[in-house]
Amino acid sequence: IPRTEARRAILSGQLAADGAVCRRPDQKIEDTAALTLAGRPLSWQKYVYLMLDKPQGVVSASRDGRDTTVTDLVREQYPRRELFPAGRLDKDSTGFVLLTDDGAFAHALLAPKRHVDKVYQVLLDAPVTPEMLAGFAAGVVLADGEAMLPAGLEADPQDPCRATVVLHQGVYHQIKRLFGVFGAGVCALRRVAIGGVPLDPALGPGGSRPLTGAELACL
Ligand code: URA
């Protein structure tokens, strides 16, 4: 509820924490206290965790002078939260971006040691080759000499220009650079899962919803 309304409710004695009426708007309340407003339970969340289906052309940042950002897409629903993306997708990539205001959670999720798997669907301008399959399995050395960890690569049996890639690390433009080593270009890239949590197909481009407790536990 808006701040002025909350203030009014508190001053008129409608808010209670663990059954005790609070009358001062500046009163400190424990995170774990059960709150009621006019006798009805109030739910309160310390942090927000959202699954967003990022559309093409939107940047994975909190604010950008020019382009629409992933946080712009949820600002109306969460006007008072300082949400940011936990991990990035390129501007032209689509799919699963996790938005949160829990810095410690995001930090832990992105820690290189955790190796949280990310799954992508890729459309290439050339078919997947045996060299690509062997290279991804062994670990590709990028054009600049940087050695990548082995990554999963599976071609679509119906269309060899389509593939599923599983990354165990996050390096800038990683998938484009991996295929670039084999002379193939990436036409479309979509992240469909993070750490065993699949992107909800019901969301659609720009759609978002809170992660469920089970999904959060997975991460
Ligand atoms: N790899 C890329 O090249 N781009 C992405 O957005 C994600 C992984």
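## A tour of ring pairs and pockets

The structure holds three aromatic pairs, a pair being two rings of Phe, Tyr or Trp (its six-membered ring) with centres within 6.5 Å; planes under 30 degrees apart count as stacked, over 60 as edge-to-face and the rest as tilted. This is a predicted model, in which local features need pLDDT of at least 70, side-chain atom pairs count only at pLDDT 80 or more, and totals for chains, interfaces and linings use all residues. Residues are numbered from 1 along each chain as its sequence is written, and side-chain values use heavy atoms, with hydrogens and water left out.

**First selection: Y49 and F105.** These two rings form an edge-to-face pair, 4.9 Å centre to centre with 75° between the planes. The pair links distant parts of the chain, 56 residues apart: Y49 lies in strand β5 (residues 49-54) and F105 in helix α2. Helices (H or I, at least four residues) and strands (E, at least two) are DSSP runs, numbered from the N terminus. Y49 counts as buried, at 14% relative accessibility, and F105 is buried at 15%; buried means under 20% relative accessible area, exposed over 50% and partly exposed in between (1.4 Å probe, protein chains only).

**Next: F136, F179 and F182.** Ring pairs link these residues into a cluster.

**Next: the largest pocket.** Select I1, A6, L35, L42 and W44, the closest to the pocket's centre among the 32 residues that line it. The volume is about 1,300 Å³. On a 1 Å grid over the protein atoms alone, a pocket is an open set of points where a 1.4 Å probe fits, with protein on both sides within 12 Å along at least five of seven lines; lining residues have an atom within 4 Å of a point. Grid points are joined across faces, edges and corners, and a volume is the space filled by probe spheres set on the points. Helix α1 (3-11) and strand β3 (35-37) are the elements that give two or more residues to this lining, and α1 gives the most, with five. The lining divides into 18 nonpolar, four polar and 10 charged residues; Ala, Val, Leu, Ile, Met, Phe, Trp, Tyr, Cys and Pro count as nonpolar, Asp, Glu, Lys and Arg as charged, and the others, Gly among them, as polar.

Select R88, G170, V171, Y172 and R191, the closest to its centre of the 30 lining residues. Then colour α2 (103-110), β8 (118-124), α4 (174-181) and β11 (186-194), which each supply at least two lining residues; α4 gives the most, with three.
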